[in-house]
Amino acid sequence: MFEKQRTSDENLQKEFNRWAEAGEGEKMRNHHLAITEKTLRLMNLRPGERVLDLGCGSGWATRLLARLVADGPEGFGQVVGVDISDEMIRQARAASKDFENTMYVWGSATQIPWEENFFEKVLSVESFYYYPDQDRALAELFRVMAPKGRLYILINLYRDNPYSLQWVDKLKVPVHVRSAAEYVELLSKHSFENVEYRQIPDDTPTPDDYVTKSFRSLDDLKAFKRIGALLLIATKPDFRTPAPGYTVY
Ligand SMILES: C[S@@+](CC[C@H](N)C(=O)[O-])C[C@H]1O[C@@H](n2cnc3c(N)ncnc32)[C@H](O)[C@@H]1O
C-alpha cells in the first residue's frame, strides 16, 4: 500500500517537475487567476490568519493569500505552500523573496508535513483530482485544519463540466473524474460540516485568434469557461464545543 503510494507520488513529482521546467508554473496563473480571485473573495480572509495552499505550484496564489492575511490589527498571518514537485517549490521560493509571511514545503497531500489543528483556511487550486488517494488527502487536511477551519477546493476537471473531460487522455498521470455530488458525499464522509459546492464561471474574454491545445475548438473552450470550475467548500467541526447534552472532560 505504502509502496504504491510512493510510486504514485514519485510519478507526480516527475511529471510536475517537467511542467515546472517548461515554465508552466507561472503560465497557470493566466488560466486560473479569474476563478481563484472569485474564490478568494468568498474566503473572507483576515489579517492574522494561518492559511495552507495545497498543490501551490509556483506560488502565485500563495502570494495573493499572503498579501490578504499579512500584518494587521488581528496579527501577522502566514501562508504555507505545499507541493509534490520540488522544482515548483524552488520556483515558488525564488519568486517570494520579498514576502516575510510565506513558506514553501515540499511534500505530498497524502502526508502533509505540518502539525495538527493549525490552518484556519485552506485553498487548493487545480490540484485535488491528481491525488491518487483522495480519502487520505482529506484525512490529512482534516488533521492539519484548525477547529472551525474552512476548506476551499477549486478544480476545473469534474464530471459535470463535460468539456473538461477532453483533457483526461492528454494528461500523463491518472486523475479522478467525479461529479460535484460525489465530491460532496466524499467530504461529508470525512466528517466535514456545511459541505457545499458552487460552480465558478471564468468570465475572461476568449480572443478569436486564441490557440488551444487542450480543447477541440474555441467554442468548446468558451463553453467550458461558461460552465466553470467546481468549488467545494467545507468546515472542520469545532470539537471544543460539545454537542448539546454532552460534557467534555
Ligand atoms: C495543475 S497544477 C496547479 C498549480 C497551482 N495551484 C496553480 O493553480 O497554478 C497542480 C499542482 O498540484 C501539485 N500536486 C499534484 N499532486 C500532488 C500531491 N499528491 N501532493 C501535493 N501536490 C500535488 C503539482 O505538483 C502541481 O504543482
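Keep in mind that this is a predicted model. Start by selecting Glu-196 and Arg-198: their side chains form a salt bridge, 3.5 Å from N to O. Glu-196 is partly exposed at 30% relative accessible area, and Arg-198 is partly exposed too, at 35%. Elsewhere, salt bridges with shared partners link Asp-86, Glu-87 and Arg-90 into one network.

Go there next. Asp-86 and Arg-90 pair up at 3.0 Å, N to O. They sit 4 residues apart in helix α4 (residues 86-95), so about one helical turn separates them. Asp-86 is buried at 18%, while Arg-90 is partly exposed at 45%. The structure has 12 salt bridges in total.

For another one, pick Glu-26 and Arg-63, joined at 3.4 Å, N to O. Glu-26 belongs to helix α2 and Arg-63 to helix α3 (residues 60-69), so this bridge ties together parts 37 residues apart in sequence.

Now show all of α2, residues 24-43: the helix bends by about 60° at His-32. His-32 is buried, as are other α2 residues including Met-28, Leu-33 and Ile-35.

Last stop, the inside. The largest nonpolar core has 48 residues, with Leu-52, Tyr-130, Leu-138, Leu-151 and Phe-192 making the most contacts within it. Helix α5 (residues 134-144) supplies the largest share, 5 residues. A separate second core of 22 residues includes Leu-33, Ile-35, Leu-45 and Ala-61. To finish, center on Leu-138: among its contacts beyond four places in sequence are Phe-128, Ile-153 and His-190.

Notes. Residues numbered from 1 in each chain as written. Predicted model: local features only at pLDDT ≥ 70, side-chain atom pairs only at ≥ 80, totals over all residues. Heavy atoms only, no water. Core = buried A, V, L, I, M, F, W, Y, C linked by side-chain atoms within 4.5 Å. Buried < 20%, exposed > 50% of the residue type's maximum accessible area, 1.4 Å probe, protein only. Helix = DSSP H or I, 4+ residues; strand = E, 2+ residues; numbered from the N terminus. Contact = heavy atoms within 4.5 Å. Bend = angle between axes of the 7 residues up to and from the residue. Salt bridge = Lys/Arg side-chain N within 4 Å of Asp/Glu carboxyl O.
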